[in-house]
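Thank you for sending this model for comment. My notes are set out below as numbered points.

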Amino acid sequence: MLKTYRRMMVVAGSYKPQLQKALALSIIASILQGIIFALFFPLLSALVASPVNFQQAWQLLGLFGCLVFVEGLIRWQELDFSWLTSTDVAHETRLRLGEKLRHIPLQALNQRRSGDLNVVMSGNVSELVMWIGSLATLVIQTAVVPSVAVLVTLLIDWRLAVALLIFFPLAVPIYRQMRSRVKTNLRKSVNADADAASRVVEYAQGLPVLRANNQVGARSQRLQTALECQRTVQRQGQRLVSLPLITMSTLVEVGILIIIAMGALFVVQGTLSVPALLALIVIAMRFTEPIAQLVGLTSVFDLMEVGLERIEAVMNIPALPVPPVPTALTRFDIHFDQVYFRYDSHTQWALQDVSFQAPARSLTALVGPSGSGKTTISRLIGRYADVQAGAIRIGDVNIQEVDPAHLMRSISVVFQDVYLFDDTILNNIRMAKPDATDGEVEAVARAANCYDFIARLPEGYATRIGDIGGTLSGGERQRLSIARAMLKNAPIVLLDEPTSALDTESEVAVQDAINQLVVDKTVIVIAHRLSTIAAADSILVLEDGNITEQGSHRELLANRGRYTAMWEAQQQAQEWRVVA
Amino acid sequence: MTQSAFTKPPTGIWSIMAPIKGRIAGAIALGALSAATSVGSLLAIPPIAAQLLSESPDAGVIWRWLGLAVVLVAIAFTSRLAAFSVSHLAAFKLEVILRTAMAEHLAKVPLGYVVTHGSGAIKKWMQDDVQSLHAFVADTTPLIGQAYTIPALSLVVMLATDWRLAIATLGIVPLGMILIQLAMHDYAEQRDAYDRANEEINGIIIEFVQGMQVVRTFDDGSSSFARFQKSLDRFTQTLRDWNAKSQMAGRLATLLFEPLPTLLAIAAVGTWLMGQGTLTLPRLLVFLLLAPRLCGAFKPILTLSHLLNQSKAGALRIGSVLAEPVLPQPKQPEHPQDASVTLSHVTFFYSGLSDGDRTALQDVSLTIPAGTVTALVGASGAGKTTLARLIPRFWDVTEGAIAIGGVDVRQMTSETLMSWVSFVFQDTFLLHDTIRDNIKLGRPDATDQEVEAAARAAQAHDFILALPNGYDTIAGERGSRLSGGQRQRITIARAILQDNPIVVLDEATAFADPENAALIQEAIAALTRHKTLIVIAHRLPSIMNADQIAVLDRGRLVERGNHDELVAMGGVYSRLWARHQEAQNWELRGRASTTVPLRNTHA
């Protein structure tokens, strides 16, 4: 409970006072509500008296009316939060999440599937904010109103108050038990769901093969078994949860019966007045709705709880440490100095004792099997994450001493896959240098061999990427990304297999564009086709996170080591014919 | 064949519940019963009060009424529990029915539908969308029974007790309704604006999150953050506008539907009527007990409405999957005579994209004799993959015909067709099962010796033996332990065991694992020996020896012949060939000063 409160306050951010105010108002209104209900004691007494005491009844009704009005005003104020402030809270929460994503290490960003983050930022935020006000109010109402009522009852008849006190708090342990059962079962059903989901994926992927063997639909044993297992777990969960749930929703009715039975007994004994009993029944009836709603909204509670947790998890990712007094980069040679790096949640080193130097304006190639650490090296230069030991320096400056934004401005990256924004072609290139003129953008687009295909687009540079959908080929997208990099004109260029996903026709155009891009830059390139990097100043051969060989193409071939083996295997594979 | 769960595809949340409609009706009825008995139990209170207020209370009468109330509460409890159980169990049953129906249906629709949507989308339909129905089917249906019974029953009882007070009570309801109407007077319009803004904000969030990786390589994300912020502002403004318009009426309605105003109205009117001497206290009590329930009855339904919307969206998607037309099956299936493939005047466009220039294939005619090698060549988007996929009937041709061994593929059953054509694409598919069973999937009745022979031919035997349990090792889901090349070789072993006379091969598979390319290439050689082979070619050298090369350009077959003929022709192929050689010889050079001519590293 306290944890949820603390989390709610965290989410409310700078609107914390407003939320606190709403909660305080809710408590006051609920107390008032309890007092109003208590008015039924004197009111019914007045109406039962013979003769009926109408004067007192109308006085009480007047007070009743005034208090209802005041309670309404307070609730009205409280609803400010749900109707007005919540929109701002959602706005601020999204902005804070957005800010956070800008400042966490890319590694942390990469570990989360982008779908998850979307859900956190759009879905979870809406769910939370939509419910945060109303649920808090409901909880407060459910807790406060009965408490006040019990207090008032205590003044009328302590025996009935004790009965209420024993009975209604029962709801708490029953609710707790239900929640814990739900949670236990949730874990089981998550597993069953995951199993069924992977069977479904398997089924979908295997349909071509499964069709050939007629193992589809109801005859797909594996799928059917998983679905049945899922259903069994669901039924078990159902059996566990339904009894406490329904018991809770019937609790008030049973409680009223007990009050009537005890009250009637006391009345007959002459130790309780009839109007007091009737008032008590009317009041106890009012506990029904909040409890019933609370039960009905259990699933919403879960959603909110999960949403809070996920938002908090994102908020808690530590940001990349930024130096208090950043150093500016002036030279662009790259040094790796006994670098050790391990990815989060991995036990093995991704890089072990890696040292090398890439002089300014030199070309350094990284080769080696997949998983050997090539991409890790290129990522670490852009401070994808901080190294565990050793240092990466650009010029003489440790990159941890550099402002991350400044570091990023010094590096251009060209990957295999290109991300384009739903904006115009012009703006997609311009994002590399927001103050570039149209002329500058067009000049780099030409240099990157983009001109031909842009000219063919319906609105040229003003064409929106979203409007042409997937009609740009991989090579065309790649050339746009190279134009971006050219416009940025950063002194360091990282190339990660930039042409490996392209067909022959676009490959040549992209190669031309890259040739333009890398002129006079410090270049680090990962290329699978060794002939591409044969002219590199230095080739680093990586295996299992270690540099095992280092030198020029000629030197490495003379070594007759791993590089030579790779070179020869590739020459052979190039010769492959489908028909021998 | 199992009986299909639906006679026609469901179109909404109610029709999707057709297979369990009996149970749902039961759940609604039980929900209504529990509501009725629960309201009924309250009616025992006024007679008890009357007895207590009388000069000489009769304890016997009091206990009888109390006993009746206990019985009614017991019935309410039991029927509520039953309603809840019936609806939940029915919902679980529905989940299995729907998932099985979708699995059945997906087995009959064109494979192209499955391939283009991908296993991710299919998982979403079959798991998440089906799950999203649960909230409605299981939780809401019993409440529907309650939501209609309580107000109706309360109303009848109240009118019977005292019509004047009943009207006073009901006065609150229309007032609330009017306010809600006011709050929602341009609901549709506002909702539209909100939906649009919401869609935009979701799009921007997706772009912001997915693009972050790239954006961060430019700066600290400030450029895209500005875009994000701008559309977030727009979204929030839309929401504020909407709230500003509807908040007054909305807040009033919220306050009015609280029990207090109703109780106040009843107490006041009741006191007045008692002053007139036309109302007795027990009757007033009926109203004090029942009236707030009348107002409160709508609440749970309102709070569950957003879950209902999710359910509706899920139901629509499931309905549209089940409505996808199935691949027509022949009435009198035929069997191919041999392993030749003939395409005559094949035209194809993807349905929904038939806007002229989106034609994927246009009037393609090609004869592929049995036992020969045909390569499909062309730029990406030229139609190579589409053409190759039409042969195993991923889709049916729009015009023209494809025949295997003289028989139109549409005149064969799926099983026959699949037993004639194997295809080896880059996306490997392994069951979460033993390696042996994965290979046997090609021919379930194969002996262990045959499986092993196929694995040997696919260059997989050695690494399989090196696995902890050899052939009985479970292949990790999505291959955590096997490398891409190893997985590829297992799927090739499967195809070898299947021994279908026609093989459609994506040449890129030969290079799926750069470190072990040679092994995969040997495996492919074993698979394709003595077969009719159709290759989707990306690298020209590997198909230099093909019997025929078909060159596609924007969906048309533009050239056909062997390598030497096509190079000599000086057309599209010879240009591709020249480009290829140029690309192969690319050497990255960093310094501006180096203008050394490219040297041929092949030499």
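Predicted model: local features only at pLDDT ≥ 70, side-chain atom pairs only at ≥ 80, totals over all residues.

1. Residues are numbered from 1 along each chain as its sequence is written, and chains are lettered from A, with ligands numbered from 1, in the order in which they are written.

2. Between the two chains, 134 residues of chain A are in contact with 135 residues of chain B, contact meaning that the C-beta atoms of two residues, placed from the backbone, lie within 7 Å. On the chain A side, helix α4 (residues 54-103) gives the largest share, 21 residues; helices (H or I, at least four residues) and strands (E, at least two) are DSSP runs numbered from the N terminus.

3. Chain A has an open sheet of six strands in the order β6-β7-β8-β3-β9-β10, with mixed pairing, where two strands pair if DSSP finds at least two bridges between them. Because β6 (411-414) and β10 (546-551) of chain A each have a single partner strand, they stand at the edges, and one side of each is left without a neighbour in the sheet. β6(A) pairs in the parallel sense with strand β7 (residues 492-496) of chain A over four bridges, and A:Ile411 has A:Ile492 in β7(A) as its bridge partner.

4. Helix α19 (residues 474-488) of chain A lies across β6 and β7 of chain A and runs at about 170° to β6(A). Such angles run from 0 to 180 degrees between N-to-C directions, with axes fitted as lines to C-alpha atoms, for helices over the stretch in contact.

5. Elsewhere, strand β1 (residues 334-341) of chain A runs antiparallel to strand β4 (residues 389-394) of chain A, the two being joined by five bridges, and A:Tyr340 stands opposite A:Ala389 in β4(A).

6. The largest nonpolar core has 270 residues, and those with the most contacts inside it include A:Ile281 and B:Met102. A nonpolar core is a set of buried Ala, Val, Leu, Ile, Met, Phe, Trp, Tyr and Cys residues joined through C-beta atoms within 7 Å; a residue is buried if 20 or more other C-beta atoms, placed from the backbone, lie within 10 Å of its own. Not counting residues up to four places away in sequence, A:Ile281 touches A:Ile256, A:Ile259, A:Ile260 and B:Ile45.

Conventions
Buried ≥ 20, exposed ≤ 12 C-beta atoms within 10 Å, placed from the backbone.
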